[in-house]
Amino acid sequence: MSRSALVGNVTAMLEDAGFTVSDRCAIRPKSFDVAARRGDDLVLVKILGNIDAFNEATGHEMRRLGTYLQATPLVIGLRSRDEDLKPDVVYFRHGVPSLSPDTAYNLFVEGIPPLIYAAPGGLYVNIDGDLLADEREQRDWSLGQLASELGVSRRTVSKYEDGMNASIEVAMALEELFDAPLTSPVDVIDGAEDVHDADPTPDDPEADPDDEEIVTVLTRAGFRVHPTLRSPFKAVSEDEDEKDDVVLTGHSQFTKAAEKRARIMSSIGHVTRTRSVYFVDRAKRESVDGTALVEREELTELHDADELRKVIRERAEREEAA
C-alpha cells in the first residue's frame with residue numbers, strides 16, 4: 001500500500017470514528033500528517049508504512065507539540081523492521097505510542113482499547129494490582145503461595161500488586177488461577193506515559209536566526225514562543241496572560257508556498273482550537289482561510305498581546321464573514 005493510500009485510509013477511519021480531521025500537512029518537513037479532534041480528545045497523527053522511519057527529532061517535536069496544544073502524539077503504521085505490527089498492541093517510538101491501523105480502528109471506532117504494549121524484552125500487560133490483592137486475599141493465599149503457583153519470587157508478586165507490569169504469560173496464568181480478568185487496558189489518549197517511562201518533555205530548539213526578530217517582538221508583547229523545526233508553522237506562541245489563547249505562527253515572504261502553508265495552519269488551527277498568524281514582508285490581503293497576515297512593519301507597531309490578539313481575530317473574522 002502506498003503511503004498516500006495509507007494516509008487516506010487512516011483519515012477516513014478517524015472521520016468514521018467521529019473525529020474532525022485537518023487537511024493533510026502536504027509540506028516538508030512535517031512532524032505530523034493530520035490533527036484530529038473528537039470532543040476533548042485531540043490527537044496529532046504521523047502515518048508511516050514502517051514506524052522505524054520515525055526518528056528521535058520528530059518524536060521530540062511531536063511530544064512538545066502535544067504539551068503546547070494539549071494533544072496526544074500518535075504514530076499509526078503498518079510494520080516495524082520486516083514484521084507487521086501486531087493487532088491490539090501499543091508500541092513506542094521515542095516516547096510516542098504507535099499503533100497498527102487495525103489497533104487504531106478497534107480503539108477509535110469499536111471503542112476497544114489495546115491490552116498489550118511492547119517494551120524491551122517482549123510484550124507486557126498492565127496488572128490491576130488492587131484487584132489481584134483482593135483475589136489473593138479472598139482465597140486466603142499468602143504472597144509466597146501465589147509466588148509458588150506462578151514460579152516467581154514473593155517480591156515479584158508484591159510488585160505486581162503494587163502495579164508493576166507483567167508478561168503476557170504471567171497475566172494469563174494469573175487469570176487462569178483466579179478465573180477473573182486482572183488486566184487493565186493501555187490508556188493511549190491520556191495515560192500512555194504512565195505505561196511507558198518516557199523522558200521529560202524535550203526542551204525547545206533554538207529559533208531560526210531569520211525568525212529571531214519575530215520571536216523578540218512576540219516575547220515583548222507578552223507571548224511565550226516555542227519554536228518548531230518540523231511543523232507547518234514556525235512556532236507555537238502562548239499568551240502569558242490568557243493561557244488558553246494559543247497562536248500558531250509562521251514567517252516568510254508571501255509566496256505560493258507560504259499561502260499553502262497558511263491554509264494548512266488555518267485547517268490545523270480549526271481542529272486544535274487555536275488561532276494562526278503568518279508574518280510576511282508584504283501582502284495585498286489580510287488573511288488566508290482564517291490565518292491572519294501581518295506585515296513585519298505592522299508587528300513592530302503592536303505593543304502588547306491585546307493589540308496583536310485583536311488584529312488576528314479581526315482579520316480572521318472579516319474573512320469568515322466575507
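Leu-150 counts as buried because its relative accessibility is 16%, where buried denotes under 20% relative accessible area, exposed over 50%, and partly exposed the range in between (1.4 Å probe, protein chains only). The model is predicted, so that local features need pLDDT of at least 70 and side-chain atom pairs count only at pLDDT 80 or more, whereas totals for chains, interfaces and linings use all residues. Residues are numbered from 1 along each chain as its sequence is written, and side-chain values use heavy atoms, with hydrogens and water left out.

Leu-150 is placed in helix 5 (residues 143-150); helices (H or I, at least four residues) and strands (E, at least two) are DSSP runs numbered from the N terminus. With neighbours within four places in sequence set aside, Leu-150 is in contact with Val-157, Tyr-160, Val-170, Ala-173, Leu-174 and Leu-177, contact being defined by heavy atoms within 4.5 Å. Glu-169 lies 19 residues from Leu-150 along the chain, and the two C-alpha atoms are separated by 9.8 Å.

Two packed helices are described by the angle between their axes and the distance between the axes. Here, axes are lines fitted to C-alpha atoms, for helices over the stretch in contact, and angles run from 0 to 180 degrees between N-to-C directions. Helix 5 packs against helix 6 (residues 154-161) at an angle of about 100°, the axes being 8 Å apart. Helix 5 is therefore roughly perpendicular to helix 6, on a scale in which angles under 35 degrees count as roughly parallel, over 145 as roughly antiparallel, 65 to 115 as roughly perpendicular and the rest as oblique. Leu-143, Gly-144, Leu-146, Ala-147 and Leu-150 of helix 5 make this contact with Arg-154, Val-157, Ser-158, Tyr-160 and Glu-161 of helix 6. By class, the contact of helix 5 with helix 6 comprises six nonpolar, two polar and two charged residues; Ala, Val, Leu, Ile, Met, Phe, Trp, Tyr, Cys and Pro count as nonpolar, Asp, Glu, Lys and Arg as charged, and the others, Gly among them, as polar.

For residues 132-189, the UniProt record (unreviewed entry) gives the feature "domain: HTH cro/C1-type". UniProt positions are in the numbering used here, feature names are shortened, and annotations may be inferred rather than shown by experiment. In the model, the span 132-189 is 59% helix and 7% strand, and its end C-alpha atoms lie 25 Å apart.

A further helix pair involves helix 1 and helix 3 (residues 101-108), whose axes come within 10 Å and cross at roughly 10°. Helix 1 is therefore roughly parallel to helix 3. Leu-6, Met-13 and Leu-14 of helix 1 meet Pro-101, Ala-104, Tyr-105 and Phe-108 of helix 3, and the contact of these helices has seven nonpolar, no polar and no charged residues. Thr-11 is also found in helix 1 (residues 3-16) and counts as buried because its relative accessibility is 17%. Beyond residues up to four places away in sequence, Thr-11 touches Val-21 and Val-34. Thr-11 and Ser-22, 11 residues apart in sequence, are 9.1 Å apart in space, C-alpha to C-alpha.

The largest nonpolar core contains 34 residues, of which Phe-32, Leu-44, Leu-69, Phe-233, Val-236 and Ile-268 touch the most other members. A nonpolar core is a set of buried Ala, Val, Leu, Ile, Met, Phe, Trp, Tyr and Cys residues joined through side-chain atoms within 4.5 Å. Elements that each supply at least two residues of this core are strand 3 (41-50), helix 2 (56-69), strand 6 (89-93), strand 14 (246-251), helix 10 (256-272) and strand 15 (275-280). Helix 10 gives the most to this core, with six residues. A second, separate core of 26 residues includes Leu-6, Val-21, Val-34 and Val-43. Phe-233 touches Phe-32, Leu-65, Thr-228, Leu-248, Thr-249, Met-265 and Ile-268, residues up to four places away in sequence not being counted.

Gln-70 is in the loop between helix 2 and strand 4 (72-80) and counts as exposed at 65% relative accessibility. His-94 is in the loop between strand 6 and strand 7 (96-99) and is partly exposed, with a relative accessible area of 35%.

The secondary structure of the chain comes to 12 helices and 17 strands, and 50% of the 322 residues count as buried.
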